[in-house]
Amino acid sequence: MLKVGEKLYEGKAKILYATEDPNLVVQYFKDDATAFNAQKRGTILGKGAVNNQISARLFQWLEQAGIPTHFVQQLSEREMLVKRLQIIPLEVTMRNITAGGMSRMLGIDEGLVLEPPVFEWHYKSDALGDPLINDDHILALALATAQELETIRRLSSKVNDTLKTYFAARRIDLVDFKLEFGRHPADSSRLGAGRQGQLLLGDEISPDTCRFWEQGTKKKLDKDRFRRDLGDVEAAYQEMLKRVVG
Ligand code: 5GP
């Protein structure tokens, strides 16, 4: 039995706990929900369990497609065991259809198909509202190396292709999503000299971090129901769980 240790970090939607193994941590999913930089707060009943199960399934699917992730195993309804990461302070957004931040920034309608998909870097900072940045900002501020940026771009594009196909088979359009990557420092014997650690996909992939529109009806089945007070929030999360796991 794995012993769960001290709390390492508590975020808006998840808590990280130490384990006896310094290279592994437990990621616990809460029902707490925030939006607009935590100006809006609430609870989505059952969300933690849904996001844990959806993330676990998607991480396993992505691993099979050759994308390295931090996922080790699902431990319980709300907990998963993951590899410890030094999170790179960047949020990657991939967009297949216009919505949210891109529609606001450029003054365009939601629902326009983007071909090719749009890749964005955002600087991970709640205080600044995760501003859009480019490669030059990242390199000049040494947030990541050129090689890491190249790898993250390649992996993100592969994640998009893999998940678009996965959700299309479940009659869901993957509108956009956010990814976070980190460096796993474990197992120094497998790392070459000067290597900073293996780059892994981290965080979660869930209705909190993706936009999902039901094909045909365009019904939103994601956190926009909470952000925009659309109602039926819990039902939308349960519906996504059914589509992903069922
Ligand atoms: P937007 O930039 O349009 O607000 O977000 C694009 C996509 O990334 C959406 O699917 C959204 O859920 C996700 N996303 C972007 N930033 C964040 C964030 O800070 N937290 C969460 N949970 N999702 C985010």
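**Strand pairing**

I started with strand E8 (residues 86-87), which pairs with E13 in the antiparallel sense over 2 bridges. I am working from a predicted model here, so I am reading everything below as computed from that model.

I then went through the bridge partners. Gln 86 has Arg 183 as its bridge partner in E13. Ile 87 stands opposite Gly 182, again in E13.

Next I looked at what E13 does with strand E14 (residues 198-201). I found 4 bridges joining them, and the two run antiparallel. Arg 183 turns up here as well, standing opposite Leu 199 in E14.

Putting the pairs together, I get an open sheet of 3 strands in the order E8-E13-E14, with antiparallel pairing. E8 and E14 are the edge strands, as each pairs on one side only.

I followed the chain on to Thr 209, which is found in the loop between E14 and E15. Is Thr 209 buried or exposed? Its relative accessibility is 10%, so I put it down as buried. To see what surrounds Thr 209, I left aside its neighbours within four places in sequence; the contacts that remain are Phe 177, Lys 178, Asp 203 and Glu 204.

**Helix H6**

I checked the length of helix H6 (residues 233-245) next. It has 13 residues and reaches 19 Å from its first C-alpha to its last, close to the 18 Å expected at 1.5 Å a residue.

Which residues of H6 are buried? My list reads Val 233, Ala 236, Tyr 237, Met 240, Leu 241, Arg 243 and Val 244. They cover an arc of only 165° around the axis, which puts them on the same side of H6. The general rule I had in mind is that an α-helix has 3.6 residues a turn, so residues three or four places apart point the same way.

I also wanted to know what the buried residues of H6 pack against. The partners are helix H1 (47-64), helix H4 (146-168), strand E12 (172-179), strand E15 (210-214) and helix H5 (224-227).

**Helix H1**

For burial in H1, I wrote down Lys 47, Gly 48, Ala 49, Val 50, Asn 51, Asn 52, Ile 54, Ser 55, Ala 56, Leu 58, Phe 59 and Leu 62. Just after H1, Gly 66 takes a positive phi of about 95°.

I picked out Arg 154, which is found in helix H4. With 53% relative accessibility, Arg 154 counts as exposed.

Phe 36 has phi near 50°, and its place is in the loop between strand E4 (32-35) and strand E5 (40-43). How accessible is Phe 36? At 46% relative accessibility, it counts as partly exposed. Ala 38 is not a glycine either, yet has a positive phi of about 65°; it is found in the loop between E4 and E5.

I also looked for cis peptide bonds. The bond from Glu 115 to Pro 116 is cis, with omega near 0°. Pro 116 has its place in strand E10 (residues 113-123).

**Domains**

The protein chain is divided into domain 1 (4-83) and domain 2 (86-231). How far apart are the centres of domain 1 and domain 2? Taken over C-alpha atoms, 17 Å separate them.

For the interface, I found 31 residues of domain 1 in contact with 26 residues of domain 2. The area buried between domain 1 and domain 2 is about 2600 Å², and carbon and sulfur atoms give 63% of that.

Technical notes
Residues are numbered from 1 along each chain as its sequence is written. This is a predicted model: local features need pLDDT of at least 70, side-chain atom pairs count only at pLDDT 80 or more; totals for chains, interfaces and linings use all residues. Side-chain values use heavy atoms; hydrogens and water are left out. Two strands pair if DSSP finds at least two bridges between them. The expected span of a helix is 1.5 Å times one less than its number of residues. Buried means under 20% relative accessible area, exposed over 50%, partly exposed in between (1.4 Å probe, protein chains only). The arc is that of the directions from the helix axis to the C-beta atoms. Contact means heavy atoms within 4.5 Å. Domain bounds come from an automatic or database domain assignment. Buried area is the accessible area (1.4 Å probe) that two parts lose on being put together, summed over both.
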